[in-house]
Amino acid sequence: MGPIQGISVRTYTVPTETPESDGTFEWSSTTMVYVEIRSDGITGMGYTYGSPAVARIIDDALAGVLMHADPLATNARWADLVAKVRNDGRSGIASMAVSALDIALWDLKGKLLGAPVCALLGNARDSVPLYGSGGFTSYSTRELTDHMSRWIRDGILRVKMKIGREPECDADRVAAVRRAIGHDAELFVDANGAYSVKQALAMARAFEPNGVSWFEEPVYHRDLAGNAAVCERAPASMEVSNGEYGYVPDDFERIADARAADVVQADVTRCGGFTGFAIVDAICEAHAMPLSSHCAPYATLHAAAAAKRLRHAEYFFDHVRIERMFFDGAGDPKDGALVPDVTRPGIGLELKRQDAERYAV
């Protein structure tokens with residue numbers, strides 16, 4: 001098989017249905033940076049969500065690293081990309097650029113070999129359990145309960161809501177969601193680092209009667225001591241999660257060593273793509289910790305299916321909306337899970353160019 005012969009990048013910005021917010025951020029659009037890598041007349045695709053600056057890094061720094069290289073040597077290509085961004089700072093947008101390219105390399109590899117990526121990575125499961133995610137703090141209580149209830153009606157019996165913008169309202173909003181979804185569904189909350197440690201512990205006690213079983217980023221994600229304190233002192237029925245802003249393996253090793261989470265999260269579009277996600281899975285294996293994937297569900301699916309420590313994947317409202325709009329192959333969940341289509345090579349997605357083009361930047 002021949003070398004890599006072309007790399008292209010495109011940026012798309014999609015307005016949200018309504019203004020959205022969480023405990024520490026507000027937004028009205030979502031930007032996807034989409035990449036393609038070509039070899040032997042075959043095209044692999046990958047993407048990340050973030051600043052258009054990611055595309056600039058790919059164009060100016062990383063595309064040249066891949067040109068004329070062996071597309072099947074994915075580990076070598078990942079190492080080349082990581083080495084190239086050393087002086088620019090490996091974390092943040094540089095890691096997001098590496099992630100998009102790594103996903104595209106694996107997609108290309110699968111297509112060149114005529115195999116689904118989950119098989120190349122080594123399947124650990126046939127389907128990936130989901131939790132429905134959204135429930136923004138910008139929603140009224142009625143909008144919030146309707147939004148959460150839709151996931152339940154769709155057969156996804158785990159749901160996550162945002163908290164932290166108005167702490168004095170959070171316990172009542174959690175109680176309203178519990179009433180709306182019933183007592184059989186799992187209820188998760190995500191503070192996006194909005195609380196102090198003492199606030200987070202008080203809120204954990206307030207949420208306990210309504211069966212909250214997952215408390216995501218109760219305090220700032222880099223405050224590992226604070227997150228560890230919440231882990232240790234929260235109700236036994238409530239797990240703390242952290243890791244969505246992990247970019248390099250050391251970020252996850254530090255979380256694990258500090259016991260700053262009960263469940264580690266990783267985002268394939270930030271942590272180094274499928275290659276980086278497999279490293280996080282190995283860290284979780286070494287520390288006997290469960291893993292949950294963050295956002296970008298259709299980009300994540302094949303890596304999640306191969307992860308030994310995976311518990312579930314986030315079915316995030318904004319990304320589900322965009323990915324189903326942009327890609328053929330973004331199928332419906334079945335019984336609260338996504339199933340990789342092993343009849344399609346690569347990651348099983350193809351860009352609907354005409355539909356995507358209206359959002360091109």
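In which loop does Asp40 lie? In this predicted model, Asp40 belongs to the loop between strand E2 (26–39) and strand E3 (42–49). Its phi is near 55°, which is a positive value in a residue other than glycine. Asp40 counts as partly exposed, at 40% relative accessibility.

Arg259 can be described in the same terms. Arg259 sits in the loop between helix H9 (249–258) and strand E9 (263–266). Although Arg259 is not a glycine, it has a positive phi of about 50°. With 43% relative accessibility, Arg259 counts as partly exposed.

**The chain as a whole**

The chain contains 13 helices and 14 strands. Its radius of gyration is 20 Å, close to the 21 Å that the globule rule gives for 361 residues, so the chain is as compact as a globular protein of that length. Along the principal axes, the C-alpha trace spans about 60 × 40 × 35 Å. Of the 361 residues, 58% are buried. Sequence distance can also be considered: among contacts between residues at least 6 apart in sequence, 72% join residues at least 24 apart.

**Two packed helices**

Two packed helices are described by the angle between their axes and the distance between the axes. For helix H10 (residues 273–287) and helix H11 (residues 297–306), the angle is about 35° and the axes are 10 Å apart. The crossing of H10 past H11 is right-handed. On the H10 side, the residues in the contact are Phe274, Phe277 and Asp281, and they meet Ala299, Ala303, Ala304 and Ala306 of H11. What kinds of residue make up this contact of H10 with H11? Six are nonpolar, none is polar and one is charged.

**Aromatic pairs**

How many aromatic pairs does a search of the whole structure find? The search finds 19. One of these is formed by Phe136 and Phe316, which are edge-to-face, with 6.0 Å from centre to centre and 85° between the planes. Phe136 lies in the loop between strand E4 (128–133) and helix H5 (141–153), while Phe316 lies in strand E11 (residues 310–316), so the pair ties together parts that are 180 residues apart in sequence. Phe136 and Phe316 are both buried.

Phe207 and Phe215 form another pair: their ring centres are 5.9 Å apart and their planes are at 70°, so this pair is edge-to-face. Both Phe207 and Phe215 are buried. Elsewhere, ring pairs link Tyr12, Tyr34, Tyr47, Tyr49, Phe326, Phe327 and Tyr359 into a cluster.

Why is helix H12 (residues 317–326) described as largely enclosed by the rest of the structure? Seven of its ten residues are buried, so the description applies to H12.

| Residue | Relative accessible area | Class |
|---|---|---|
| Arg311 | 32% | partly exposed |
| Asp107 | 0% | buried |
| Thr145 | 12% | buried |

Arg311 is found in strand E11. Leaving aside neighbours within four places in sequence, Arg311 is in contact with Pro129, Glu239, Val263, Pro290 and Leu291. The C-alpha atoms of Arg311 and Leu130 are 8.9 Å apart in space, although these residues are 181 residues apart in sequence.

Asp107 has its place in helix H3 (residues 93–113). Not counting residues up to four places away in sequence, Asp107 touches Thr43, Gly44, Met45, Val117, Pro345, Gly346, Ile347 and Gly348. At 0% relative accessibility, Asp107 is buried, because the class holds residues under 20%.

Thr145 is in helix H5. Which residues does Thr145 touch, not counting residues up to four places away in sequence? They are Ala176, Val177 and Ala180. Thr145 and Ala176 are 31 residues apart along the chain, and their C-alpha atoms are separated by 6.9 Å.

Note on methods
Residues numbered from 1 in each chain as written. Predicted model: local features only at pLDDT ≥ 70, side-chain atom pairs only at ≥ 80, totals over all residues. Heavy atoms only, no water. Axes fitted to C-alpha atoms, helices over the stretch in contact; angles between N-to-C directions. Helix = DSSP H or I, 4+ residues; strand = E, 2+ residues; numbered from the N terminus. Left-handed = near helix turned anticlockwise from the far one by under 90°. Contact = heavy atoms within 4.5 Å. Nonpolar A, V, L, I, M, F, W, Y, C, P; charged D, E, K, R; others polar. Phe/Tyr/Trp six-rings, centres within 6.5 Å; stacked < 30°, edge-to-face > 60°. Buried < 20%, exposed > 50% of the residue type's maximum accessible area, 1.4 Å probe, protein only. Rg over C-alpha atoms; globule rule 2.2 N^0.38 Å.
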